[in-house]
Amino acid sequence: MLYAILCYHDEDVVGSWSREQDAAVMEKLAVVQDKLVKQGRLGPVARLLPTTAATTLRKENPPVVIDGPYAETKEQLLGFYLVDCNNLDDALGVARKLGEANPGGAYEIRPVGVFMPGSAKGSTEGSVKA
Amino acid sequence: MTDTAWIDAALTSARPQAVGALLRYFRDLDTAEEAFQNASLRALKSWPQNGPPRDPAAWLIMVGRNVAIDDIRRSRKQQPLPEDDAISDLDDAEEEIAERLDGSHYRDDILRLLFICCHPDLPATQQIALALRIVSGLTVKQIARAFLVTEAAMEQRITRAKASVAKADVPFETPGAVERSERLSSVAAMIYLIFNEGYSASGDTAELRAPLSEEAIRLARLLLRLFQGEPEIMGLMALLLLQHARAAARFDADGALVLLDDQDRSLWNQNMIAEGLALIDKAMRHRRSGPYQIQAAIAALHARAAKPEDTDWTQIDLLYGALEVMQPSPVVTLNRSVAVSKARGAEAALAMIEPLGERLSNYFHYFGVRGAYLMQLGRNEEARVAFDRAIALANTSAEAAHIRMHLDRLMRDSQQQAGKATK
């Protein structure tokens, strides 16, 4: 079964990491991820830009566009993993490993209902025409 | 991360909100700072044992306030202090204070804290030092290092700044809409100043001052989080990110400045560029242009060019034209002329800066740029005069070295021509 591991943490805290601290955490996470890749269990992974880059579309009639994230929370959704796991225990095990590499905050583990791998090429570059 | 690193990170991120609230409560900067300091010390003792509180800022405000009030009482009546454990048990109190201080309250606390640092009576260097000390919580030693002065001198500068602020009337009531937007633009200007203190450094000082740019980005992010819908704050944030993205490519191994055209663009930080572009994208949707947005859009055009020759100079010329209308300044015109020289040639560029000569007669970049246009036009003798003047006005050894490179080239050209003439 495919599980989404949604990463929540205080983005102020994550944002105050130095480049070295950030790189060290990413390196430790890469070790955990590489193992999952070798087992053929890791789906898409995303680290989101800060919530200051977020825009929310409220689907009212007509829809309303609001600057900022959907919810103002103490901890923010900062990224996610999709991992193929046997069951919840297995998924919690993966989350624990990720948590050892990147302490602080919380993971929400949510089974995936429908999954479409999609066809995006994965460029993170914007498309601003000034 | 080490065991206490998460506490440091939490204290740093909670600081502006906590000191801002304590300042509103005590209406005195020193008391607020000391209260925060004491609360931080207790956090270092209590959090490793009890785990982080649900809302670190609220915890620090509560504890800081209690400790300060106790101190005041004790100095008045010599009353005994309550046990540490009694203060640390904050579960109910935290809830209460978190409710009372809603989001908008916090927002004005932090804005006020930033705003008192940019009091018009304070010279720019004092504004920056004060903001770094009070809002960012850098130590006097760290700030002194970044400003290349002794710790004692920096201590004095900050003390003097605090004294001026204490004398000034800082309004503590909730600001109205107009007042709030005025504060916002002063604070934005101060954050840009801090950034430039770091960004304009070169050579030996570049490494020491780089943290200033990073701190400015952190403060801009804080401000944007408080004012999510302000396109100019999005523009400021984008501008800082797009400029800072080039940091690794801006200096060579010897610490000499590398010009945009010569930079190794693979060293540019693509994450920061992506975030900067996303923010401009958001800002432009508001159709309320402003100087930060325009400068960010110019930086974006540079960031988006994979090679220097891909740069859209015509668009940059137009953007500078818009900036000239909003913020008329000879320096803006000078910058515009660089785009003009690329898009329309050196002659048009030279004509554009000719009228600026008088107002920029002591400005290094004016003579550097002027010399370059003259050189392109083959007016070598005039170019030499301009370059000599530029060297005399150079602020850093890197700037002087760069102009000397041009002079050497002129020298070589004229020698070659002399060589040809004699053949």
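Mentor: Axes are lines fitted to C-alpha atoms, for helices over the stretch in contact, and angles run from 0 to 180 degrees between N-to-C directions. Helices (H or I, at least four residues) and strands (E, at least two) are DSSP runs, numbered from the N terminus. This is a predicted model, in which local features need pLDDT of at least 70 and side-chain atom pairs count only at pLDDT 80 or more, whereas totals for chains, interfaces and linings use all residues. Residues are numbered from 1 along each chain as its sequence is written, and chains are lettered from A and ligands numbered from 1 in the order in which they are written.

Trainee: Why are helix 13 of chain B and helix 14 of chain B called oblique to each other?

Mentor: Their packing angle is about 135 degrees, with the axes 10 Å apart. Angles under 35 degrees count as roughly parallel, over 145 as roughly antiparallel, 65 to 115 as roughly perpendicular and the rest as oblique. Helix 13 of chain B and helix 14 of chain B are therefore oblique.

Trainee: Which residues of the two helices meet?

Mentor: Two residues are in contact if their C-beta atoms, placed from the backbone, lie within 7 Å. Among those in helix 13 of chain B are B:Ile273 and B:Gly276, and those in helix 14 of chain B include B:Gln293 and B:Ala296. The residues of this contact divide into eight nonpolar, two polar and no charged; Ala, Val, Leu, Ile, Met, Phe, Trp, Tyr, Cys and Pro count as nonpolar, Asp, Glu, Lys and Arg as charged, and the others, Gly among them, as polar.

Trainee: How many residues of chain B are in contact with chain A?

Mentor: There are 28 residues of chain B in contact with 23 residues of chain A. Helix 13 of chain B contributes the largest share of the chain B side, eight residues. By class, that side has 15 nonpolar, six polar and seven charged residues.

Trainee: What makes strand 2 and strand 6 of chain A edge strands?

Mentor: Four strands of chain A form an open antiparallel sheet in the order 2-5-1-6. Two strands pair if DSSP finds at least two bridges between them. Strand 2 (42-47) and strand 6 (106-111) of chain A each pair on one side only. Strand 2 of chain A pairs with strand 5 (residues 76-84) of chain A over four bridges, in the antiparallel sense.
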